[in-house]
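Please look over the sequence and structure first.

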Amino acid sequence: MKIDINHIAKLSRLKFSDDEAKKFENEMQSILDMVENLPPMEDIGALIDPENPMEMRKDEAVNLYKRDELLANAKQTQAGCVVVPKVVE
Amino acid sequence: MELYKKPAHELSKMLRNKECSATEITESVFERIGSEENKVNAYITLNKEQALHKATEVDQNIADGKDLPRLAGIPVAVKDNICTKGIRTSCASKILEDFVPPYNATVVEKLNSQDIIMPGKLNMDEFAMGSSTETSFFKKTSNPFDTSCVPGGSSGGSAAAVAACEATLALGSDTGGSIRQPAAFCGIVGLKPTYGSVSRYGLVAFASSLDQIGPMARNVKDAAMLYSAICGKDSLDATSVRKDYSNFEDNLCNNLKGLKIGLPKEYFSEGIEPEVKASVMNAVQLLEQNGAKIHQISLPSTDYALSAYYIIASAEASSNLARFDGVKYGYRTKEYTNLIDMYEKTRSEGFGDEVKRRIMLGTFVLSSGYYDAYYKRAKSLQKRISSEFTEAFSGCDVILTPTTPYTAFKIGQNINDPLKMYACDICTVTVNIAGLPAISIPCGSDSKGLPIGMQLIGPKFSEQVLLNTAYSFENIVDGFKVPSDIR
């Protein structure tokens, strides 16, 4: 299987220089060659554990944090909001 | 008195008998950090001031005659992918270099409620992706048995700190072997619990269906003590399992009579170094001489497990790590022209190469046209591997294997060869794929004096059986040794 490094980088929101892309392409190719070593498998579905099912909690609104605590890690804020580059022209 | 060397269960007793204070324990551990950390480099962030403050509180509680929780006053260091309120949690990544969580992980809340002392946050492979702790953005950690060697990974800081007595206990996390492999490389005990038995709330997600937090210690009793403190249902983690979790330390039992141990032939193949194989087989003999029954078994899909693991783990990682975009927290690139440019530059500058490889692999196996051939096939294989384990456990109580195919390698030796690095996990990934518990304990050392670990695997929620078997073996060999001199 041949990997299209630029397409996958775009989907991954990553950017590579030409040199980096070459290096990654070679490495990714050898990793893919390794993971391709899977036997032919019928689709038997995903593993679930019926004895220990997931348990969702009640969907209740609770006030756990103050706004400024949550914004403290954002790089740029203004008037209690996170600032990002303009999205809509 | 060298309190830093003492096991947690002994320190707990000494505190109750007023033979030492929590402040003395904490100061002793920080003195040890002061003398050894420049050789080991286990910590990313030290928490001395708060630790000493907490120790004073514990001492006051003792003076006031209050009831002491089991872990009160015990130094427990925490891997840096577990959120600690007000203390930087970096995941050893540039992208979270200055992230200070506004909340505690559930395991940290549980430990705080027991009045533990938290000396600091431990180094690891970036986002827990790696087997040598060399992919950390901050530093390379050394193996206390030979500082030119890696401590294993990804919980390499946790294993090295415990082995070097720079912490009495530590928390690690295990997605494909990240507790057990470094425990084996550093000659300590590491338990990867059953998936769902420890809350993952506040653990920075790598592969959510495989990740599990677990204890690392210098002896089995201490590991049982820490595991008892962190397990249990948590409403903040939907995958955590409601169960009656007993006290694993109180129920420890030194008895191997009639225990059926399975040896899967696939785990003793040519890929395993002869010295490792010999040491593990010697341990098997000791267990047999002390009452265990040995059975040869087979787990035929083992050869495909590594492929299935890297597909499933990378797929989940590519999705989990999509949140790191420079908007709400973490690193943000300095110059950008628009939002997409900001995302791409932030992520390209913030993530290291190994993390990028996994994101790319995960994105590829989930992308249109490749999903069925890779991801779906790997998920079916996961089910097959799990069924093979279930079948094997109908004939034995525990399965015994080497933890790693070889002992600790030199720093820099495998870092430029991802496939060689991935092969380190060959004996450990199946356990995560099937959601089972497993423990790694030391069983000898190689000709260079580097520790060898063996792994005991059990059915879901059989931690007590694993701990009892490990405890019995520890008694047979008269305890595990850590290096007295770190060079």
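## Salt bridges

A salt bridge here is a side-chain nitrogen of Lys or Arg within 4 Å of a carboxyl oxygen of Asp or Glu. By this rule, the count over all chains is 26 salt bridges. The model is a predicted one. Across the interface of chain A and chain B, the rule finds 8 salt bridges.

K15(A) takes part in two named pairs. With D341(B), K15(A) forms a salt bridge whose closest N and O atoms are 2.8 Å apart. D341(B) lies in helix α10 of chain B, residues 339-350, while K15(A) sits in the loop between α1 and α2 of chain A, so the pair joins two chains. The side chain of K15(A) also meets that of E344(B) in a salt bridge, at 3.7 Å from N to O.

## The interface of chains A and B

The size of an interface is often given as the accessible area lost when the parts come together. Chain A and chain B bury about 5300 Å² between them. Carbon and sulfur atoms carry 64% of that area. Three residues stand out on chain A: R13(A), L38(A) and N73(A). They supply 13% of the area that chain A buries against chain B, more than any other three residues.

In residue terms, 50 residues of chain A are in contact with 65 residues of chain B. Polar contact links 23 residue pairs across the interface, with both residues at pLDDT 80 or more. Three helices of chain A each supply at least two residues of the side that touches chain B: α1 (5-11), α2 (18-35) and α3 (67-71). The largest share, 9 residues, comes from α2(A). By class, the side of chain A that touches chain B has 31 nonpolar, 7 polar and 12 charged residues.

## A helix pair in chain B

Two packed helices are described by the angle between their axes and the distance between the axes. In chain B, the axes of helix α2 (residues 22-40) and helix α3 (residues 48-63) come within 7 Å. They cross at roughly 155 degrees. Therefore α2(B) and α3(B) are roughly antiparallel to each other.

Which residues of α2(B) meet α3(B)? They are A22(B), T23(B), T26(B), E27(B) and F30(B). Their partners in α3(B) are K48(B), A51(B), L52(B), A55(B), T56(B), V58(B) and D59(B). The contact has 6 nonpolar, 3 polar and 3 charged residues.

## Backbone details in chain B

A cis peptide bond joins G153(B) and S154(B), with omega about 10 degrees. S154(B) is in the loop between β3 (120-122) and α5 (156-163) of chain B.

C91(B) is a residue other than glycine with a positive phi, near 55 degrees. C91(B) lies in the loop between β2 (76-79) and α4 (106-113) of chain B.

Note on methods: Residues are numbered from 1 along each chain as its sequence is written. Chains are lettered from A and ligands numbered from 1 in the order in which they are written. This is a predicted model: local features need pLDDT of at least 70, side-chain atom pairs count only at pLDDT 80 or more; totals for chains, interfaces and linings use all residues. Side-chain values use heavy atoms; hydrogens and water are left out. Axes are lines fitted to C-alpha atoms, for helices over the stretch in contact, and angles run from 0 to 180 degrees between N-to-C directions. Helices (H or I, at least four residues) and strands (E, at least two) are DSSP runs, numbered from the N terminus. Angles under 35 degrees count as roughly parallel, over 145 as roughly antiparallel, 65 to 115 as roughly perpendicular and the rest as oblique. Contact means heavy atoms within 4.5 Å. Ala, Val, Leu, Ile, Met, Phe, Trp, Tyr, Cys and Pro count as nonpolar, Asp, Glu, Lys and Arg as charged, and the others, Gly among them, as polar. Buried area is the accessible area (1.4 Å probe) that two parts lose on being put together, summed over both. A polar contact is a pair of N or O atoms within 3.5 Å; within protein, one must be able to donate a hydrogen and the other to accept it, and residues adjacent in sequence count only if both atoms are side-chain atoms.
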